[in-house]
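Here are my notes on the model, point by point. Have the coordinates open while you read.

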Amino acid sequence: MNDGRVFNHALKLHPELDIALVNMANTLKDMGRPADAVPYYLKAVTINPGLVDAYCGLSMSMNAVCNWTARDHWLTNTITICEEHLSEFRQQKIGILGERSVDDWLLTVALTTSRPQCDHSLRQWVHRFCLFTDVSDGRQPLLNEGSFLMRLIDWYRTRMQHRRYVETYGEALYGEGATHSPSEAAPTARPFGSVFSSASSQKVPTVLPFHTFTLPLPSRTIRRIAHRNALRVSHNIMAHISPDRVPLLPLPPLKRRINVGYVSSDFSDHPLSHLMKSVFQLHDQHRFCIFLYATSPSDGSVFRQYFEQGDSNFLDVSSWSNVDIVNRIEEDHIHILVDLGGYTRGARNEIFAGRPSPIQISLMGYAGTLAASWCDYLVCDNITCPVDLFARVQAYRKRSLNHCCQHSDFGVSVGEEGDPESSSPNWIYTECPIYMPHTYFVTDHRQSYRHDENLSIEERAQTPAERLWNDETKRRADLRRALFPDLPLDAVIFANFNQLYKIDPVSPWQYLMRSLSSCQDIFATWLRILARVPRSILWLLRFPSAGEAHLIQTAKEWAGNEIASRIWFTDVAAKDHHIYRCRVPDLFLDTSECSAHTVAADVLWAGTPLIACVWPSHRHKMSSRVAASLASATGFGEYMVVSSRDEYEERAVGLGNSIHYTVQSNGDVEASGDLLDLRRCLFLNRDTMPLFDTERWTRNLEKAYRMAWRRWVDGSMFKLSDDGCIWVKDNISIPIRMN
């Protein structure tokens, strides 16, 4: 019996059972039926207004179908409850570190690090331990002791592993001959066993990390939500792996080949696989040995078969325990382990919390911080992640100003940069950044989606630009007529193909006042654009279908029937046809709270320009800046990236009104203008622009891997001798094709 049937059976017996109502609603929401989930949530909170577990699901479900009439009430309650939970949960089990003296803890630090601490670092360690061990006056510090303990355990395990590597192999980057891996050493000390047994698993707020992509939350709240989930993950795995156990040493990379493992639940027919399909095969096989660990069973798709039959070492570990997977990764001597899931559905982060690899990196799957001590690096770029928002960067700048010893281990911070629980709103990322040139986002369109022209890269490069453009113009016009046969030829098509939950909801007072001119939400901005470009339509997807009626009704109330009639919906298309028809819109209008990611790549590959947002108010939200990163990687970002809502509206209106139509003698209509010029540039240069050069992106990522491995071996990864950033350089010039 599936979950839905279980809860439905419970509700037949007890129709007023609030928890059964919430469970039924959660099941429907997870099945992609948010509209059906809403009545169950509403009934649950009506019966029990104190049932906090219902508020987040209710607000998320209402947002998914763009039902904004009362969503703000539930959203406000959700955020308030979340903040209360974050404050309550941090005071769990205060005093457990006091089971050992400060001197005992300092001895553990001394035995862990390979060199003595400077006076400043020693004073910091004393201060940290005293915060938790000196509670003689009966006061409980407003600190998350569980957070400090779990981060301290990870600090101990990673430093001990590095120390043993150096003791065994020296600072050897590579190994040239056969080397025997040392057997697992018995712990020389057990500083955490008894302490960890007294610690309870961290509770997490009802707002999950992925929810923060679309919620208007400050950096500190987002950081702490992610961190609480990271702590629970750490506790889960440490309950099965002794916290005193030091991870096995990997062998030095033999013949200069670094072992890289990718862990994902999405080696299937999934957007991540669509984007990364060629990456694993494009790795330099002479310098890297690639392992793929699939944590979900096969879906039978051609994508799964492609990975299973490829040259990489593919292993289906979906039925394995987390401990068994950790052990296997250690046995495979993985030097760099890459997390392709983050806090997305199906991810098994306990694998990373088990620390099976010296270097662990978050890439592509989750556009935000994991706020986890078991994630060392975040692959990003300087558009998605401004450098001053990294804790390591701020700590380095602060320590440099204080002339502190920069060669000591930076330790485990409390209440300052690096502590996810700190009160500072000025940073969000606990990882160190790997800054990719152009964009952190990888695509596979150049390899996988060439059937629109049926030309190879080489054939296209030899084809005159005028012929390519004329063929594309005809192809686009034919498809436009097929999709919208009743649309006038001179109409401007604005579009957004994101799931509807990404559309910013209207504010409550603006909704009540119907103040379209003053509203700053993205949907209101779209309505104003339609009003200022009279011959335009807005093309949206029924994604889900239940959102259509709500958006049309809101448009009528805000802008009147005429503008509402110019919002057109179509069904979601299969992937190949979706990318093919992405050429039809004249301009793609992005969302601001959470931008287009894969969809932005689809649109740009088709040659369609977009308007992407980099609001100053959203600097801390990586997920809001991805489309801007992609647009910049085309080489034409200056025409598509805007930094304010006013600029967004003016740019869209200006480009929309720039299109002019001339009727030819044969009856054909020829279009011209700035927007068409931009489209031509995007279309003609798509094979050479960095955004779609997968091999180039892979080579740049490999540069980062080699630098990260060097930093681990020489120990600079653990010291404040620099700001921790890895900057990947790419100085290859990019020719722009105009004719």
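1. C613 has a relative accessibility of 2%, so it counts as buried (buried is under 20% relative accessible area, exposed over 50%, and partly exposed in between, using a 1.4 Å probe and protein chains only). C594 also comes out as buried, at 2% relative accessibility. Might you expect a bond here? The sulfur of C594 is 11 Å from the closest cysteine sulfur, in C613, which is too far for a bond. Likewise, C613 is in no disulfide, with the sulfur of C594 as its nearest at 11 Å. With a disulfide taken as a pair of cysteine sulfur atoms within 2.5 Å, the count comes to 0 disulfides.2. A word on the ground rules: this is a predicted model, where local features need pLDDT of at least 70 and side-chain atom pairs count only at pLDDT 80 or more, while totals for chains, interfaces and linings use all residues. Residues are numbered from 1 along each chain as its sequence is written, and side-chain values use heavy atoms, with hydrogens and water left out.

3. On to the sheet. It is open, built from 8 strands in the order 3-2-1-4-5-6-7-16, and the pairing is parallel. Strands here are DSSP runs of E with at least two residues, helices are H or I runs with at least four, and both are numbered from the N terminus. Two strands pair if DSSP finds at least two bridges between them. At the edges sit strand 3 (313-316) and strand 16 (726-727), each pairing on one side only. Strand 1 (residues 258-264) runs parallel to strand 2 (residues 288-294), with 7 bridges between them. One to click on: I258 has F288 in strand 2 as its bridge partner.

4. Two serines are worth a look. S219 belongs to helix 10 (residues 219-238) and is buried, at 7% relative accessibility. Which residues does S219 contact, leaving aside neighbours within four places in sequence? They are P425, W427, I428 and H620, where contact means heavy atoms within 4.5 Å. S219 and I428 are 209 residues apart in sequence, yet their C-alpha atoms are 5.6 Å apart.

5. The other serine, S61, lies in helix 4 (residues 53-64). S61 counts as buried because its relative accessibility is 0%. Residues up to four places away in sequence aside, S61 touches K29, P34, A37, V38 and Y41.

6. Now the backbone. Most residues other than glycine have a negative phi, and most peptide bonds are trans. The bond from F543 to P544 is cis, with omega near 15°; P544 is in the loop between strand 9 (536-541) and helix 22 (547-559). Please check that one by eye.

7. Positive phi values turn up too. H333, which is not a glycine, has phi near 55° and sits in the loop between helix 14 (322-331) and strand 4 (336-339). At 19% relative accessibility, H333 counts as buried. For M364, phi is near 70°, again positive in a residue other than glycine. M364 is in the loop between strand 5 (359-362) and strand 6 (377-380), and is buried with a relative accessible area of 8%.

8. Last, the surface. L489, V663 and V669 make up a nonpolar patch with about 260 Å² of accessible area together. Patches take residues with over 30% relative accessible area and no salt bridge, joining like charges within 9 Å and nonpolar side chains (Val, Leu, Ile, Met, Phe, Trp, Tyr) within 5 Å. A salt bridge is a side-chain nitrogen of Lys or Arg within 4 Å of a carboxyl oxygen of Asp or Glu; areas come from the Shrake-Rupley method with a 1.4 Å probe, and for residues only the protein chains shown count as cover. V669 is part of strand 15 (residues 669-672) and, at 34% relative accessibility, counts as partly exposed.
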